[in-house]
Amino acid sequence: MKQWIKTMLTSVLTISMCLGLSGTIEGASPPTQVEVLLNAKKMNFPDAKPFQDGQGSVMVPIRFVSEALGGKVSHSKSGGKTVVEVVKGDDTVTMTVGQTTALVNGKSKDYGTKVILKQNRTFVPLRLVSEGLGEKVEWDKVGRWVWIGSKGIPNSDDPEFKLQPMSKFDAYYKKSTNMNTNMKGELYKGVKLITPNDLPIKLGEGPTLYSISMEKSHGKDYLAVRGTESGLPIYLLVKNDFVKHRGAILSAFEDHGDGTGTNFHGIKVRGDKFQNGEYIENFDWTTFNLNTADYIAFGSSHMDYIVAMINPFK
């Protein structure tokens with residue numbers, strides 16, 4: 001165990017020296033997609049996607065959001081214009097395509113953004129619908145997420161995430177015999193699989209993961225993982241190969257000031273020369289391709305199992 005820790009520390013140091021980074025990642029692109037979360041679960045929009053207009057209003061296809069909130073949507077014509085009405089219980093929202101005002105329970109409100117037709121869908125300001133139907137709305141400017149309703153984030157301990165035996169993942173760990181234990185030296189009990197759509201998720205009693213994206217800086221690619229813990233490592237699982245440990249570049253950690261921060265991880269790193277406690281001088285680490293990894297795994301001293309996310313970059 002001591003040898004493993006020593007190897008990992010040496011590996012991380014080598015990675016940092018190799019990257020030659022100090023300070024934040026320069027040139028990282030901000031996310032462009034707007035995500036809508038209803039009760040901390042991402043909503044799926046099959047065709048027309050939410051977007052943010054030039055005034056900063058988040059525009060959503062009304063039918064999908066309203067029906068998810070339990071409302072009923074109807075369309076009609078009045079004076080040659082399309083009128084959209086959403087009814088939920090005692091709440092009624094009436095809006096007209098091309099206008100910025102709407103009737104919310106009979107009272108006129110101006111939202112400063114026109115209701116529009118786009119991709120054969122009626123787009124309306126999200127706040128108009130959600131507030132009009134009695135739902136709390138919050139805007140996360142870092143992740144460009146809209147939170148509607150409860151922010152009770154799912155936990156990997158929840159029963160919906162089934163524990164699978166480590167034996168099912170032998171092909172990913174058999175070459176890295178020292179990667180099946182946590183930092184306490186305890187054997188992991190198994191693996192819980194998640195998908196990118198399961199984010200955000202809290203890792204047991206440990207940190208919360210919000211998002212993972214690909215960022216480019218100085219001509220190199222990095223994985224950017226937003227969460228509530230600085231320095232959280234990730235592991236790239238490639239079938240019949242060594243586990244690819246990716247330590248966070250501590251000097252590049254970006255604190256968002258909202259209880260979250262972004263860790264940056266190199267994709268091609270010299271640290272891959274360290275395998276099972278040995279340094280393989282002639283190993284060519286530059287040929288690694290992220291799409292060969294089936295999973296991106298997360299381990300924490302707070303957990304007795306591994307969380308493995310299906311690789312969204314394949």
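By class, how many nonpolar, polar and charged residues does the lining of the second largest cavity have?

The structure is a predicted model, in which local features need pLDDT of at least 70 and side-chain atom pairs count only at pLDDT 80 or more, while totals for chains, interfaces and linings use all residues. Residues are numbered from 1 along each chain as its sequence is written, and side-chain values rest on heavy atoms, with hydrogens and water left out.

Two cavities of 30 Å³ or more are counted in the model. A cavity here is a set of points, on a 1 Å grid over the protein atoms alone, where a 1.4 Å probe fits but cannot get out, and its lining residues have an atom within 4 Å of a point. Grid points are joined across faces, edges and corners, and the volume is the space filled by probe spheres set on the points. The second largest cavity holds about 30 Å³. Its lining consists of P207, T208, L209, V225, R226, G227, T228, E229, L232 and N263. Strand 17 (208-217) and strand 18 (220-227) are the elements that give two or more residues to this lining, and strand 18 supplies the largest share, three residues. Strands are DSSP runs (E, at least two residues), numbered from the N terminus.

The opening question can now be answered: the lining has four nonpolar, four polar and two charged residues. In this scheme Ala, Val, Leu, Ile, Met, Phe, Trp, Tyr, Cys and Pro count as nonpolar, Asp, Glu, Lys and Arg as charged, and the others, Gly among them, as polar.

One of the lining residues, T208, belongs to strand 17. T208 is buried, with a relative accessible area of 10%; buried means under 20%, exposed over 50% and partly exposed in between (1.4 Å probe, protein chains only). Leaving aside residues up to four places away in sequence, T208 touches I153, I201, K202, R226, G227 and T228, where contact means heavy atoms within 4.5 Å.

The backbone features lie in loops. P200 sits between strand 15 (191-194) and strand 16 (201-202), and the peptide bond from L199 to P200 is cis, with omega near 5°. N120, in the loop between strand 10 (116-118) and strand 11 (121-125), has a positive phi of about 60° although it is not a glycine. N120 is exposed, at 82% relative accessibility. N240, in the loop between strand 19 (234-237) and strand 20 (244-246), likewise has a positive phi, near 60°, in a residue other than glycine. N240 counts as partly exposed because its relative accessibility is 40%.

Notes: On a 1 Å grid over the protein atoms alone, a cavity is a set of points where a 1.4 Å probe fits but cannot get out, and a pocket is an open set with protein on both sides within 12 Å along at least five of seven lines; lining residues have an atom within 4 Å of a point. Helices (H or I, at least four residues) and strands (E, at least two) are DSSP runs, numbered from the N terminus.
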